[in-house]
Amino acid sequence: MNSAYYTFEATRFFPAFDENLKFNTSLYTIQPRFFCEMNLKKVTKLHPYAGIGYTFLIFKTKFSSPEVTNPNSSNNQSGLNINLGANYDLTNRFYVNVAYDYLKILELESNIPKSSYNTNASIVKLGVGFRI
């Protein structure tokens with residue numbers, strides 16, 4: 001299971017367009033998946049892997065502008081996830097990770113057009129991990 005949290009504020013991204021529109025959006029991702037990892041004989045510290053699963057994207061937005069009639073909104077999207085990546089062992093317990101995720105969004109809200117821009121997503125992940 002893979003999950004993440006990301007948040008951003010409108011003032012950092014859209015100040016030139018509408019200085020009166022102020023909001024804060026949080027994105028929660030949940031990515032259960034099946035994966036297989038290879039152990040290479042020649043490079044024992046490198047572990048490439050591939051996986052397939054399903055992604056749930058949960059957006060929560062809070063508007064702080066007085067012009068907005070509904071100050072809290074949420075949006076859920078989900079779809080198929082294909083993943084390729086590799087772990088490189090630094091020690092027996094610590095490792096670094098690089099991964100690529102392709103998301104094919106299958107469930108959109110009715111007011112979002114089903115174009116390739118709205119239904120295809122590519123994510124590159126870099127991280128550090130700890131094995132228990």
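1. Three salt bridges are present in this structure, a salt bridge being a side-chain nitrogen of Lys or Arg within 4 Å of a carboxyl oxygen of Asp or Glu. The model is a predicted one, in which local features need pLDDT of at least 70 and side-chain atom pairs count only at pLDDT 80 or more, while totals for chains, interfaces and linings use all residues. Residues are numbered from 1 along each chain as its sequence is written, and side-chain values use heavy atoms, with hydrogens and water left out.

2. Arg33 forms a salt bridge with Asp101, and their closest N and O atoms are 3.2 Å apart. This pair links distant parts of the chain, since Arg33 belongs to strand 3 (residues 33-37) and Asp101 to strand 6 (residues 94-107), 68 residues apart; strands (E, at least two residues) are DSSP runs, numbered from the N terminus. Arg33 is buried, with a relative accessible area of 18%, and Asp101 is buried as well, at 0%, where buried means under 20% relative accessible area, exposed over 50% and partly exposed in between (1.4 Å probe, protein chains only).

3. Lys125 also forms a salt bridge with Asp101, the closest N and O atoms here being 2.9 Å apart. Because Lys125 lies in strand 7 and Asp101 in strand 6, the pair ties together parts that are 24 residues apart in sequence. Through shared partners, the salt bridges join Arg33, Asp101 and Lys125 into one network.

4. Another salt bridge brings together the side chains of Arg131 and Asp89, at 2.9 Å from N to O. Arg131 lies in the segment after strand 7 (120-130) and Asp89 in strand 5 (residues 72-89), so the pair ties together parts that are 42 residues apart in sequence. Arg131 is partly exposed, with a relative accessible area of 26%, whereas Asp89 is buried, at 13%.

5. The structure also holds three aromatic pairs; rings of Phe, Tyr and Trp (its six-membered ring) pair if their centres lie within 6.5 Å, and planes under 30 degrees apart count as stacked, over 60 as edge-to-face and the rest as tilted. One of them is the edge-to-face pair of Phe35 and Tyr49, with 6.1 Å from centre to centre and 65° between the planes. Phe35 lies in strand 3 and Tyr49 in strand 4 (residues 46-63), so this pair ties together parts that are 14 residues apart in sequence. Phe35 counts as exposed, at 55% relative accessibility, whereas Tyr49 is buried, at 14%.

Terms used:
Helix = DSSP H or I, 4+ residues; strand = E, 2+ residues; numbered from the N terminus.
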